[in-house]
Amino acid sequence: ITRLIAVCWLAMSPPGVDATLAADRFATGSVVAVLGPASNGQVQAVGTVFARAGLAFISASATGTSLTGGANPTFFRVVPSDALEGSQAAHFVITRIRLRGAVVVIDDGAPSSRQFVRGISAGLKGARVPFTPMTAVEGVTPVGALAARISPVVALAVLAWHDPSEASQLGRLLLMQHKTVTLLGPSQLFDPRFTTPGSYVTYWAPDITALRPDASLVQAAKQSVGSFGLGAPPMYAATHVIDSAIAAVCRVGGPPSRSAVLAAVRSTDEPSSILGIPIRFRSNNGDLSTGRWFIFQIKPGGRYQMVPRQ
């Protein structure tokens, strides 16, 4: 099976050129499915090539909303779409955080922040949770000035930001001003530089060491490779989808064709997975039918701990 899968991870490559060259080689070769690529830009670069070749490709990290909008009909992913991040963060706020004060939603004004802001704002409005919108442009608006604008009655500040250092600076200033404010941010703030204890961030992959059903797999992985990051389990899950699709075609008889493997990938139905969620794809695109963003809380010392799902 492994000889029929091409790896196009390219995690450290610039988007576009390298991915396209690799895609051309895969499209004219004997592979029947591709694992990767990693980034949104790389998926956009290779989508047309793989579509013409009828070649299924699965990313373990590309979350861009537009990737499953129709331009990449053979694309799948085992991670959630960015379109879900804000609404799921809002659901977490509403169901898991005991709000004992006001809420502010701080937008940095960048286009990449707007989707997160729209999602969380709609969720809060739907639950009739009042909030105050603010704009603070990273690198332009002084963090000290923003901290001064946040009233002592504010209990939660949602940061639609991308700079972990500035987020951490804001957290320190609020603590110095004796303001008890919980910070919540998008996956761009999942970074060792963001260390404010008690803060929450979203992420597109779980910490499988906290998932009880994965205990034996985690132990075997640690014995084999020593340690692994959050990006490894989605890669494992994507590989398993492709392996299973090829095996399913082979069981029917005959060598697997690209069209047969593509159909098998599309009909994937895993009730459980290493990621702690089912893996099934929507009938009209390659998004997970139950895509999920995971929530992490920052503990003292800057340690990130996944919040158990209830």
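Three salt bridges are present in the structure, which is a predicted model. Side chains of opposite charge can pair when their charged atoms come close. In one of these pairs, R77 is joined to D287, with a separation of 2.7 Å between the closest N and O atoms. This pair links distant parts of the chain, since R77 belongs to strand 4 (residues 75–77) whereas D287 is found in the loop between strand 11 (279–280) and strand 12, the two residues being 210 residues apart. R77 counts as buried because its relative accessibility is 0%, and D287 is likewise classed as buried because its relative accessible area is 11%.

A salt bridge is also formed between R193 and D191, whose closest N and O atoms lie 2.9 Å apart. Here the arginine, R193, is partly exposed, with a relative accessible area of 48%, while D191, with a value of 17%, is buried. The side chains of R280 and D269 meet in a further salt bridge, for which the N to O distance is 2.3 Å. R280 is located in strand 11 and D269 in strand 10 (residues 269–270), so that distant parts of the chain, eleven residues apart, are linked by this pair. With a relative accessible area of 30%, R280 is partly exposed.

Q297 counts as buried because its relative accessibility, 16%, falls under the 20% cut-off. The side chain of Q297 is joined to that of Y200 by a polar contact of 3.1 Å, and a polar contact of 3.0 Å is made with the side chain of K299. When neighbours within four places in sequence are left aside, the residues in contact with Q297 are G198, S199 and Y200, together with R303, Y304, Q305 and V307.

Two packed helices are described by the angle between their axes and the distance between the axes. For helix 3 (residues 85–96) and helix 4 (residues 111–126), the axes come within 7 Å and cross at roughly 35°, and the crossing is right-handed. The contact is made on the helix 3 side by E85, G86, S87, A89, A90, V93 and I94, which meet F116, G119, I120, G123 and L124 of helix 4. Classified by residue type, the contact of helix 3 with helix 4 comprises seven nonpolar, four polar and one charged residues.

Definitions and conventions
Residues are numbered from 1 along each chain as its sequence is written. This is a predicted model: local features need pLDDT of at least 70, side-chain atom pairs count only at pLDDT 80 or more; totals for chains, interfaces and linings use all residues. Side-chain values use heavy atoms; hydrogens and water are left out. Axes are lines fitted to C-alpha atoms, for helices over the stretch in contact, and angles run from 0 to 180 degrees between N-to-C directions. Helices (H or I, at least four residues) and strands (E, at least two) are DSSP runs, numbered from the N terminus. A crossing is left-handed if the near helix is turned anticlockwise from the far one by less than a right angle, and right-handed if clockwise. Contact means heavy atoms within 4.5 Å. Ala, Val, Leu, Ile, Met, Phe, Trp, Tyr, Cys and Pro count as nonpolar, Asp, Glu, Lys and Arg as charged, and the others, Gly among them, as polar. Buried means under 20% relative accessible area, exposed over 50%, partly exposed in between (1.4 Å probe, protein chains only). A polar contact is a pair of N or O atoms within 3.5 Å; within protein, one must be able to donate a hydrogen and the other to accept it, and residues adjacent in sequence count only if both atoms are side-chain atoms. A salt bridge is a side-chain nitrogen of Lys or Arg within 4 Å of a carboxyl oxygen of Asp or Glu.
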